[in-house]
Amino acid sequence: MHLDPFELSQPTTIEEAVRLRAEHVDGSDYLAGGTDLLPNYKMHLNVRPRLIALGNVAGLDGISLDRIGAMARLADLERDRAFASSYPGIGEAIREIATPLVRASGTVGGNLLLETRCFFFNQSEFWRASLGYCLKADGDRCHVVPQKEKCYATFSGDLAPTLEVLDAEVEIAGADGRRRVPLERLYDAQGDGIHRHHMAPGELLVAVYLPKDARERVATYLKLRVRPSFDFPELGVAAAGRFDGDRVLGLRLGLGGVETRPRRFDELTDPVVGSRLSDERIRAIAEGVVRQSRPVHNTFLAPEYRKRMVGVFVRRALTKVRDSARVA
Ligand SMILES: Cc1cc2nc3c(=O)[nH]c(=O)nc-3n(C[C@H](O)[C@H](O)[C@H](O)COP(=O)(O)OP(=O)(O)OC[C@H]3O[C@@H](n4cnc5c(N)ncnc54)[C@H](O)[C@@H]3O)c2cc1C
Ligand code: SF4
């Protein structure tokens, strides 16, 4: 595995970065920490001849309780005392990402826009060529669901489900200016493992915003993976709740690592608002999530097992949030 030569641009403003990307829209990628992009390039996965480095771009950095710059390093977020004590649920998710070394370079923006993963995609070129390439890189079929002409690669970022249950928004810059959208709506419910965002080609993620009441929520993130030292999620469940005594004031549940996008299940959690989060209600929500989740055979663990674990992890996450709120 080797990295082919590429042109490197180092813009210093958001406008310059967006303009450069627009000039090379099919032939470039943004480069943040490079911890996902460059290993993929080494495996010759969708390599572009030009990289637009974001490290010197003003306005993409900074961590406060309301705003996280897209170029904030995961390790900096972990170390920021004010942030860590205000958002212990986000801290739980970050500590589950990769290794301390990867977190020292990996950024929040890169994590939210991580390439989707699949056993048949994250392989060397030699391996992929021997089987025949697939839709997501260089080929015209899917090895996971051959009957369909779409990609089922899994969204495997650990941060998105937690930020979704805290109702985070993201700021996006493009040729037509800037806009803010709820993070949950950044990911395309009708998309697939290739076309997965509501972002025009070349748009840049600028920052993540957290609403004031996010600090009042009790949040948690539970992850299933094979090797706890650094593996990507086989499943990730985030939950966040606000309570008045036993009464639920707000409840969110997010699922990642299973489908092509991280998603919330508001239609299952909203009916609980105003009542008590009993064990029966937790069980009913878990059953609803299991019914809707559709893992496919493209990661290490069998889809039937991952589907069963969805129920177990949802029950654990909701119970943990409820019980932590009681003792708080
Ligand atoms: C050994 C190993 C284990 C890992 N384990 C995990 C894990 O358990 N969980 C997990 O979530 N991740 C894991 N990762 C993936 C990765 O390290 C992290 O997700 C990291 O946060 C990615 O950030 P980055 O800045 O390095 O992204 P990059 O690799 O620089 O970029 C990733 C993608 O996002 C795009 N991008 C980056 N920033 C922006 C922006 N501001 N606007 C528009 N596009 C942008 C890039 O063009 C690229 O397509 C692992 C990586 C390694 C090498
Ligand atoms: S799900 Fe199919 S198309 Fe997508 S990466 Fe895997 S094999 Fe390729």
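Colleague: Which residue forms a salt bridge with Glu96?

Modeller: In this predicted model, a salt bridge needs a side-chain nitrogen of Lys or Arg within 4 Å of a carboxyl oxygen of Asp or Glu. The closest N and O atoms of the pair are 3.1 Å apart. The partner of Glu96 is Arg225.

Colleague: How many residues apart are Glu96 and Arg225?

Modeller: Glu96 and Arg225 are joined by a salt bridge. Glu96 sits in the loop between α5 (88-95) and α6 (100-105), and Arg225 in the loop between β8 (218-224) and β9 (235-244). The pair therefore links distant parts of the chain, and the separation is 129 residues.

Colleague: Is Arg225 buried or exposed?

Modeller: Buried means under 20% relative accessible area. Glu96 has 24%, so Glu96 counts as partly exposed. Arg225 has 13%, so Arg225 is buried.

Colleague: Where in the chain are the two partners of the salt bridge between Arg178 and Glu15?

Modeller: The side chains of Arg178 and Glu15 meet at 3.4 Å, N to O. They are 163 residues apart and link distant parts of the chain. Arg178 is in strand β6 (residues 177-182), and Glu15 is in helix α1 (residues 14-23).

Colleague: Is Glu15 buried or exposed?

Modeller: A residue is exposed when its relative accessible area is over 50%. Arg178, at 44%, is partly exposed. Glu15 has 52%, so Glu15 counts as exposed.

Colleague: What separates Arg19 and Glu23 in helix α1?

Modeller: The side chains of Arg19 and Glu23 form a salt bridge of 3.0 Å, N to O. Arg19 is partly exposed at 44% relative accessibility, and Glu23 is partly exposed at 49%. Because they are four residues apart in helix α1, the separation is about one helical turn.

Colleague: How many salt bridges does the count give?

Modeller: Some salt bridges are linked in a network, whose members are Asp167, Asp213, Glu216, Arg217, Arg242, Arg252, Arg264, Asp266 and Asp270. The count comes to 32 salt bridges.

Colleague: What is the phi of Asp167?

Modeller: Asp167, a member of the salt-bridge network, is found in the loop between α9 (159-165) and β5 (169-174). Asp167 is partly exposed, with a relative accessible area of 23%. Its phi is positive in a residue other than glycine, near 60°.

Colleague: Where does Asn46 lie?

Modeller: Asn46 has a positive phi of about 50° although it is not a glycine. At 23% relative accessibility, Asn46 counts as partly exposed. Asn46 lies in the loop between α2 (37-42) and β3 (50-53).

Colleague: How far apart are the end C-alpha atoms of helix α12?

Modeller: Helix α12 (residues 279-292) has 14 residues. At 1.5 Å a residue, the helix should span 20 Å. The model agrees, because the end C-alpha atoms are apart by 20 Å.

Colleague: Why are the buried residues of α12 on the same side?

Modeller: Ile282, Ile285, Ala286, Gly288 and Val289 are buried in α12. Glu280 and Arg291 are exposed on the other side of α12.

Colleague: What covers the buried residues of α12?

Modeller: Ile282 and Val289 are among the buried residues of α12. Their cover includes β10 (247-256), α11 (266-269) and α13 (303-327).

Definitions and conventions:
Residues numbered from 1 in each chain as written. Chains lettered and ligands numbered in written order. Predicted model: local features only at pLDDT ≥ 70, side-chain atom pairs only at ≥ 80, totals over all residues. Heavy atoms only, no water. Helix = DSSP H or I, 4+ residues; strand = E, 2+ residues; numbered from the N terminus. Buried < 20%, exposed > 50% of the residue type's maximum accessible area, 1.4 Å probe, protein only. Expected span 1.5 Å × (residues − 1). Contact = heavy atoms within 4.5 Å.
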